[in-house]
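These notes are meant for a colleague who is opening this structure for the first time. Please read them with the model on screen, taking the points in order.

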Amino acid sequence: MKPPALVDTHNHLLFGALGEDPEGAWRRARLAGVTRALLIAVDASSSRQTVDFAAGREGLFASVAIDPNSIHDVAEGDWEQVVALAQDEKVVAIGETGLDLYWKKSPLDLQLAWFEKHVELALVRDLPLVLHIRDAFPEARDLLSRYAGRGLRAVLHCFGGQAEDIHPFVEWGFMVSFAGNLTYPSAGALREAARATPLAQCLIETDAPWLAPVPQRGKTNEPAFLVHTARELAEIKQLDYEQLAEVTTANACRFFRFESSR
Ligand SMILES: [Zn+2]
């Protein structure tokens, strides 16, 4: 019997050990039921690579950006490359982008300026934003509140906050994406946040090669391991695995408009 279809809404298939055999990882993912995956870039060169890899491969899509931990490293022409790539038919989102005050590789002012460029690009291209927000929910809220009424669509990727951190993002209609850390024994507050997130706004992701879910924790994460996070979220939402798969897959298809892109 075919496993229910899942969408890995955020991974880095070409990064680290996972990038040594992305074809193999993608094959194993499809066997596990992961029928679509969104490959996320963090700088100009990974934007180019994700678009190239997704090209001609059914079920693979790309998201382009320069993330807050890479902006200290930008070269001339990098942003223009990202803007040009955003027109590619395989690009279904802008990201990851946002604010990271945990690593804080660049000062907040600079991070805000780059974040804003990505928000504007998402609006111009009518694409959703993939948000990376770490230790910076109030700062992100301030910036995004200026755009929330302008039709901005966004997902809080690898959400790791508390139930109160999802506001007002959820009120603005943003999606919340849960990763492998949802399965960790210490994730009580995160599971509480997942319980509080409306089902219609829930997505799942691996963030591979990082954050492998229990029982694969400690290994190089890969899209096939999405099933463990799906199972955990199903339990939290008191649904069958099949129901959870169906709803999160429908959410992802609607949000990223998969039907209308190849
Ligand atoms: Zn990521």
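1. A residue is called buried here if 20 or more other C-beta atoms lie within 10 Å of its own, exposed if 12 or fewer do, and partly exposed in between, with the C-beta atoms placed from the backbone. By that count Arg-150 is exposed, since 8 other C-beta atoms lie within 10 Å. Arg-150 belongs to the loop between α5 (137-145) and β6 (154-156), and its C-alpha atom is separated by 36 Å from that of His-228, a residue 78 positions away along the chain.

2. Please keep in mind that this is a predicted model, in which local features need pLDDT of at least 70 and side-chain atom pairs count only at pLDDT 80 or more, while totals for chains, interfaces and linings use all residues. Residues are numbered from 1 along each chain as its sequence is written.

3. The protein chain has eight helices and eight strands, where helices (H or I, at least four residues) and strands (E, at least two) are DSSP runs numbered from the N terminus. Its radius of gyration, taken over C-alpha atoms, is 17 Å, close to the 18 Å that the globule rule (2.2 Å times the number of residues to the power 0.38) gives for 262 residues, so the chain is as compact as a globular protein of that length. Along the principal axes, the C-alpha atoms fill a box of roughly 50 × 40 × 35 Å. Of the 262 residues, 48% count as buried.

4. Two residues are in contact if their C-beta atoms, placed from the backbone, lie within 7 Å. Among the contacts in the protein chain with a separation of 6 or more, 72% are between residues 24 or more positions apart.

5. Helix α2 (residues 44-54) deserves a careful look. Its buried residues are Ala-44, Ser-46, Ser-47, Thr-50, Val-51 and Ala-54. Seen down the axis of α2, these fall within an arc of 165° (the arc of the directions from the helix axis to the C-beta atoms), so they line one face of the helix. The elements that cover them include β2 (34-40), β3 (60-64), α3 (78-85) and β4 (91-100). After α2 comes Gly-56, whose phi is positive, near 75°.

6. Two packed helices are described by the angle between their axes and the distance between the axes. The axes of α2 and α3 come within 9 Å and cross at roughly 25°; axes are lines fitted to C-alpha atoms, for helices over the stretch in contact, and angles run from 0 to 180 degrees between N-to-C directions. That makes α2 roughly parallel to α3, given that angles under 35 degrees count as roughly parallel, over 145 as roughly antiparallel, 65 to 115 as roughly perpendicular and the rest as oblique.

7. Ile-40, in strand β2, counts as buried, with 28 C-beta neighbours inside 10 Å. Leaving aside neighbours within four places in sequence, Ile-40 is in contact with His-10, Asn-11, His-12, Ser-63, Gly-95, Glu-96 and Val-130. The C-alpha atoms of Ile-40 and Thr-9, 31 residues apart along the chain, are separated by 8.8 Å.

8. A cis peptide bond, with omega about 10°, joins Gly-95 and Glu-96, and Glu-96 has its place in strand β4. The peptide bond from Val-214 to Pro-215 is also cis, with omega near 10°, and Pro-215 is found in the loop between β8 (202-204) and α7. Phi is positive in Lys-104, near 40°, and in Gln-238, near 55°. Lys-104 sits in the loop between β4 and α4 (108-125) and counts as partly exposed, with 15 C-beta neighbours inside 10 Å.
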